[in-house]
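The entries follow the display.

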Amino acid sequence: MDVSALLTSAGINIAICVVLVSLYSILRKQPANYCVYFGRLLSDGRVKRHDPRWYERFAPSPSWLVKAWETTEEEMLAAAGLDAVVFIRMVICSIRIFSIVAVVCLAFVLPVNYYGQKMEHKEVHLESLGVFTIENLNPRSRWLWVHCLSLYIISSAACALLYFEYKNIAKKRLAHISGSASKPSHFTVLIRAIPQSPDQSYSETVSKYFTNYYAPSYVSHLMVYRDGFIHRLMNETERMCQAIKHVSPDLSCNPSLKSCVLCGPAATNSFQIISNETDSVKGLELGELTLTTTEEERPVAFVFFKSRYDALVVSEVLQTPNPMLWVADLAPEPHDVHWRNLRIPYRQLWMRRIATLVGAIAFMFVFLFPVTFVQGLTQLPTLSKNFPFLKDLLNRRFMEQVITGYLPSVILVLFFYTVPPLMMYFSTLEGCVSRSQRKKSACLKILYFTIWNVFFVNILSGSVIRQFTVLNSVRDVPAQLAKLVPAQAGFFMTYCFTSGWAGLACEIMQPVGLIWNLIAKVIVKNKEESYETLRFPYHTEIPRLLLFGLLGFTNSVIAPLILPFLLIYFFFAYLIYKNQIINVYITKYESGGQYWPVFHNTTIFSLILSQVIALGFFGLKLSTVASGFTIPLILLTLLFSEYCRQRFAPIFQKYPAEILIAMDRADEMTGKMEEIHNNLKVAYSQIPTCSEESSKAGCTSPCSDQELPESEELKPEKENLKADYIWEFQRSKSGLDLEVKSCPSASPIRNSPGFAEIYKRT
């Protein structure tokens, strides 16, 4: 690939970015698009819906960039949680590292590469990209010490910055743990694989076991239930609430007593109120909804303890000689629980993990075909030879530049859109009990998949197409990588343009949300100001960020021309991701900063890989001195990685007992312990409640948009309006009236006998 093809790809992607960002700055001002671009602020009730003056609405403006730049870390922590802050720190750390790398390599390495051989250079746009790589140096060149010294500077700077960032994030995680004093998960242990007894129920078994072995610290427990009918019923909840919204857009606290359009012949926007509360409850019990006949206990329970330290001890020790029974782990946060996976038998989990691993590996091999096809497009001589009918088209200069410089990366990016949904599905099949754990698992799968296919498969398939020598032994790996990476430098740059620059522009435009909103407003004629709240896609954005870090390190001394393009991506990502976090995405659950070890370990891997590739190139160029100095650098980097693993990694894996005991003592002194104990069962109830927290997450009264548990929920215990609507709607099918409560605060508490019986047993 020559420089002109690279510039063609850059020009096309820059034009796409400018158009999309300009459109975003206009579309975000349109009131009809507030639900797309201000979802988080709308869910918090902090956006005033007003129409700007007409000339302001249709003029692009950079005000959103200024707002994103001025947003402080403390504001992000308060609004979006620790995970969002950790992600932005990843971007900032990447900017700092590659600013140093770019200065060193562009000032010293790039001129040495360009003038490495005595040759007559063409005009810059006609030059081949090979003259900017280390391949342009002669064997035994005395200038290879520049590359070795630059490698030392890059490695030292990267390790120093990673150490201080790891230390800073570890402090933030400890502050996050100590600052979340009222979290019910600190007092709760998730017990799975409860043994079945023919003489007693699971609930009685749990009560007997913990009363016997943990009597001083045991408080109570809550069983997990399964019911296919309730599961189907709650699957209809969102759909029915939307129907109620459309029939009655204004459900105020003073509904009229006219008949409902769903229940009577008269078309009106109100519902009739049932006056006899006792008859309503009696009607429910006479139907097929009786919990005592439909609910089934699962061998899973949330067990509550008197202190955080007691729960920590129970979760860390082995309960019985058989490790497949009474499996104890600290429970995830209530909003983080993945209810559907709690019904999976514990003995199946290891088989599911093996099956998903086999499926992911099989998909990696299937993905070899599109990657090889993409590499074929980058090789014009091979393409012309295999497809003679394209020879006339490929002889045109512009088409040659588009096909070799732009088209391969676009095709690969399009194929990669199939990866995140499939990896998320694999992570769900694994049986993760929390949504944050599932997203982290999907993040790791996508990361491995991306690095393998974008980096290793691309260079290997390119070598096969060029008929290079394939690896014969492990000892040839550094030399072969050193030979293949410079040949793929052009493709990596164009991939940075397409997946990086254009990908960020698409992220800020939110095309899927925009199209869906357009369909809802124009085609469906939905006048309701409804909106879907989104979670930040850490599982897709972190692998992309780390992939570009890998490309930056591996090409730093080999082909440093990629570095300014990567820096532009990181700066662009800093502004766009901050804007999306403070305006679009909400935080309903988080991992407590557990993505940082993923970033740290992958960055260390990228750094060591770049050193191994440099070692191979020094061997190819017959520079024994540079090779000798590179080996100690690899060993020192490995030692640094092990030190960080011993010093910081345990903080992200376990809770410090010292902090938990201090929190317990503080709560006992202030008298908060009893209040916390009273709220534990309510927090982990399978019935979704429209609380203040859920309203922040997009729940609107009376029919909320909060994310429902995907498992089998129980009959509503208290003021769960969403479930009440559906239960009453079932009765309305048989000719009864539909009840709508006037106001959440004025609603009477409803407890069915069946549900009360279950709570007695637990």
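Is Glu73 buried, partly exposed or exposed? I looked it up: Glu73 is partly exposed, with a relative accessible area of 24%. Buried means under 20% relative accessible area, exposed over 50%, and partly exposed in between (1.4 Å probe, protein chains only).

I noted the ground rules. This is a predicted model, in which local features need pLDDT of at least 70, side-chain atom pairs count only at pLDDT 80 or more, and totals for chains, interfaces and linings use all residues. Residues are numbered from 1 along each chain as its sequence is written, and side-chain values use heavy atoms, with hydrogens and water left out.

Next I looked up the partner of Glu73. The side chains of Glu73 and Lys172 form a salt bridge (2.5 Å, N to O). Glu73 lies in helix H6 (residues 73-80) and Lys172 in helix H8 (residues 144-179), so the pair ties together parts that are 99 residues apart in sequence. A salt bridge is a side-chain nitrogen of Lys or Arg within 4 Å of a carboxyl oxygen of Asp or Glu. Helices (H or I, at least four residues) are DSSP runs, numbered from the N terminus. Lys172 is partly exposed, at 22% relative accessible area. Glu73 and Lys172 belong to a salt-bridge network that also links Arg89, Arg96 and Glu165.

I then checked a second pair. Arg308 and Asp664 meet through their side chains in a salt bridge (2.9 Å, N to O). Arg308 is in helix H14 (residues 308-316) and Asp664 in helix H30 (residues 657-670), so this pair ties together parts 356 residues apart in sequence. Arg308 and Asp664 are buried.

Definitions and conventions:
Helices (H or I, at least four residues) and strands (E, at least two) are DSSP runs, numbered from the N terminus.
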